[in-house]
Amino acid sequence: MRLLSVNVGRPAPSPSAGGPGGLTGIDKRPFEGPVRVSDPGPKGTGGSGLAGDAVCDLRNHGGSDQAVYAFAREELDAWERRLGGRELVNGAFGENLTTLGIEVSGALIGERWRVGDELLLEVTSGRIPCRTFADHIGEEKWVRQFTQEAVTGAYLRVIEPGTIRAGDPVEIVHRPDHEVTAALQFRAVTTERTLLPSLLAAASALHPEALRKAREYVARQG
């Protein structure tokens, strides 16, 4: 299991971007050389966990619980086939880490990855598609397609900061004792809300927004 690429984005205009000036950092490109990764701080003020990576819409993106976004090369390859052979380069989905040999959408909430020698990450949630993502990909009904497939990739928080680069090994050093995956969390908050109570098994490792939705659902259902 290893990193194929570490991807960072620069601010660029987008017709649907929520950032100041209509800018987005979703167009991530592989970076040659080391990249420092650390906790960016709370959502709303903190951006990306990767040095040099732009997050323009701080209201909806970035912050401690969405510090890093990972997507598997195997899942990009599967999307290439679904999209009729369209080429999807590393970083095409706006991911910071393009991985090989690790089940990213199937990662457990609270699962911890050691990346390189220093960096320790923890899975918090799947990725909810937005209009900016759809504009970036340019496929018809993209949000619906992505949601139906529920191949989400994973957001991660930084437990221990570190410097990483393409080719670094990725090791799963902790798997929690529950069955809540990033993909299941995604389905629960989008298309299968009856799954929301099951998210509580992930407890505080879960992205706070998803945890709040699960608790509110349980409270309403009595």
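Predicted model: local features only at pLDDT ≥ 70, side-chain atom pairs only at ≥ 80, totals over all residues.

Me: Why is Ala203 called partly exposed?

Reply: Its relative accessible area is 37%. Buried means under 20% and exposed means over 50%, so Ala203, at 37%, is partly exposed.

Me: Which other alanine has a positive phi, and where does it lie?

Reply: Ala150 has a positive phi, near 55 degrees. Ala150 belongs to the loop between α3 and β10 (154-160).

Me: Is Ala150 buried or exposed, and how do you know?

Reply: The relative accessibility of Ala150 is 11%. The limit for a buried residue is under 20%, so Ala150 counts as buried.

Me: How much of the protein is buried?

Reply: Of the 222 residues, 53% are buried.

Me: What is the protein built from, and why is it called as compact as a globular protein of its length?

Reply: The protein has five helices and 12 strands. The C-alpha trace spans about 50 × 40 × 35 Å along the principal axes.

Me: Which residues of helix α1 are buried, and what do they pack against?

Reply: In α1 (residues 73-82), the buried residues are Arg73, Glu75, Leu76, Ala78, Trp79 and Glu80. They pack against β1 (2-9), β6 (68-72), β7 (97-100) and α3 (142-149). After α1 comes Gly84, with a positive phi near 75 degrees.

Me: What share of the contacts joins residues 24 or more positions apart?

Reply: Among contacts with a separation of 6 or more, 69% are between residues 24 or more positions apart.

Me: How many side chains are positive and how many negative?

Reply: There are 26 positive and 29 negative side chains, and the centres of the two sets are 5 Å apart.

Me: Where does the label "domain: MOSC" come from?

Reply: It comes from an unreviewed UniProt entry, which lists residues 35-173 under that name. The span is 18% helix and 27% strand, with its end C-alpha atoms 21 Å apart.

Notes
Residues numbered from 1 in each chain as written. Heavy atoms only, no water. Helix = DSSP H or I, 4+ residues; strand = E, 2+ residues; numbered from the N terminus. Buried < 20%, exposed > 50% of the residue type's maximum accessible area, 1.4 Å probe, protein only. Contact = heavy atoms within 4.5 Å. Lys, Arg positive; Asp, Glu negative; His and termini not counted. Charge placed at Lys NZ, Arg CZ, Asp CG, Glu CD. UniProt positions renumbered as here; feature names shortened; annotations may be inferred.
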